[in-house]
Amino acid sequence: MDIQTNLKLFQELISCSHKLYLWSYTPDLTLLHTNCPEEMIDGNSFFMINQSEPLLKYAQNGHHPFVMDSFLNILWIADFEWEEDRLQKIHIIGPTFSGRNSYQKLKEKLDQHNLSVQAKLAVLKQLDEIPILPTNLLFQYAIMLHYCITGEKISSQDLQYPAMLQEEDSPEDIRSISDEHRGIWASEQMLVQMFREGNPNYKDALEKSSSLSSGVKFDAGDSLRHSKNNLIVLLTLCSRAAIEGGLSPSISYTLCDYYTQRCEDAGTISETTNLCRTMLEDYMQRVRQARVNSAISKTVQSCCDYISVHVNEKLSIEFLSQRAGYTEYYFSRKFKQETGYSISEYIKREKIRKAQTLLSSTNMSILEISNELSFSSRSYFSDTFQKITGQSPGGYRKKNMKI
């Protein structure tokens, strides 16, 4: 098949899943063809403001896909159709968002451009039509596009980006400010090591690290965003250290996803601060428990890990026994011998531990928490909570609420 046939098939395959458009241009960026609706074509030109210069510069001799992003954090990927040493066409897929962008933030960015009210409303309307794709999926589409054009198989490592380092940003400039970070590495390593060991004195190391640095040094233009960025960096460090300390990777990664989302949902710096305390203590307790359970067999530990990750679901002894490859009778005895709890009791305790976190760090009602953790009723949840902790859910929340 020729290139045009390949591109038509590529375009049809992508349209089965996403409204991701294909654009074909001449080497000087005159539009030749697109499957984008006519009413959106002008908007695409606006979104690509400031993209033409770096694209044309790269197109002079570029042969691999080129990633572009606009001031609104919208992505495209361009690829190039060459005939011997002469560029014939530039093919572009996009636009797409790589994540959910705040409408207000987008509006603020638009306000920085001298647009009429009518033009601004038209742009905002078109933003609603732009799909959200994970960057790894977009990159896979770029690899497929390149194959359709050239027949060459490449990887995501071959994708090209606009140059970020300017000539004035020399290594000498970086070295001249390196003293601002003196001592941070050592204190950070001390904190990480404490998480590997499950050492409850981690708060002292955290305080020392905080006294040396206020976090990632860049101007986010928003103190809340700066606080969130620092929390996510700390979360990443702790989640990896926890794995090295013996915590199951599946649990650590799931916790990382959970707390990252909680961080993004936070509306104040106080919320992120309290979330940080909850997150650190949660990881620390889990690492310590994992180290205590190090003598437990892999089969039983795998079951414990599964319960922890799927604690929101209804779990049965029958299912867990089948998953382990044993009869219910044998596995129930083996589980209790190694953990000291029956499977049903262990599940209840894990659910109550999750409930304690939700009660102390969210505004979810007791009924919502009961439903979230798949209890059959609010009263059964309250009775179970009282039996395990010695307190009612409401009493626990009153003493431990952190937001």
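Colleague: What should I know about the model before we start?
Modeller: It is a predicted model, in which local features need pLDDT of at least 70 and side-chain atom pairs count only at pLDDT 80 or more, while totals for chains, interfaces and linings use all residues. Residues are numbered from 1 along each chain as its sequence is written, and side-chain values use heavy atoms, with hydrogens and water left out.

Colleague: What is the strand order in the open sheet?
Modeller: The 5 strands follow the order β2-β1-β5-β4-β3, with antiparallel pairing. Strands here are DSSP E runs of at least two residues, helices are H or I runs of at least four, and both are numbered from the N terminus. Two strands pair if DSSP finds at least two bridges between them.

Colleague: Which strands are at the edges?
Modeller: Those are β2 (31–34) and β3 (66–69), each of which pairs on one side only. The twist averages 25° from one strand to the next.

Colleague: And how many bridges join β4 and β5?
Modeller: Strand β4 (residues 74–83) and strand β5 (residues 86–97) pair over 9 bridges in the antiparallel sense.

Colleague: Which strands does helix α1 touch?
Modeller: Helix α1 (residues 3–15) packs on the sheet and touches β1 (21–25), β2, β4 and β5, with its direction at about 0° to that of β5. Contact means heavy atoms within 4.5 Å, and angles run from 0 to 180 degrees between N-to-C directions of axes fitted to C-alpha atoms, for helices over the stretch in contact.

Colleague: Changing topic, at what angle do α10 and α11 pack?
Modeller: Helix α10 (residues 223–244) and helix α11 (residues 249–265) pack at about 170°, with their axes 9 Å apart. They are therefore roughly antiparallel to each other; that label applies to angles over 145 degrees, with under 35 roughly parallel, 65 to 115 roughly perpendicular and the rest oblique.

Colleague: How far apart are the axes of α16 and α18?
Modeller: The axes of α16 (residues 343–361) and α18 (residues 378–389) are 10 Å apart, at an angle of about 95°. That makes α16 roughly perpendicular to α18.

Colleague: Which residues have the most contacts inside the largest nonpolar core?
Modeller: Phe195, Leu234, Met279, Leu280 and Tyr283 do, in a core of 25 residues. Such a core is a set of buried Ala, Val, Leu, Ile, Met, Phe, Trp, Tyr and Cys residues joined through side-chain atoms within 4.5 Å, where buried means under 20% relative accessible area (1.4 Å probe, protein chains only).

Colleague: Which helix gives the most to this core?
Modeller: Helix α12 does, with 7 residues.

Terms used
Buried means under 20% relative accessible area, exposed over 50%, partly exposed in between (1.4 Å probe, protein chains only).
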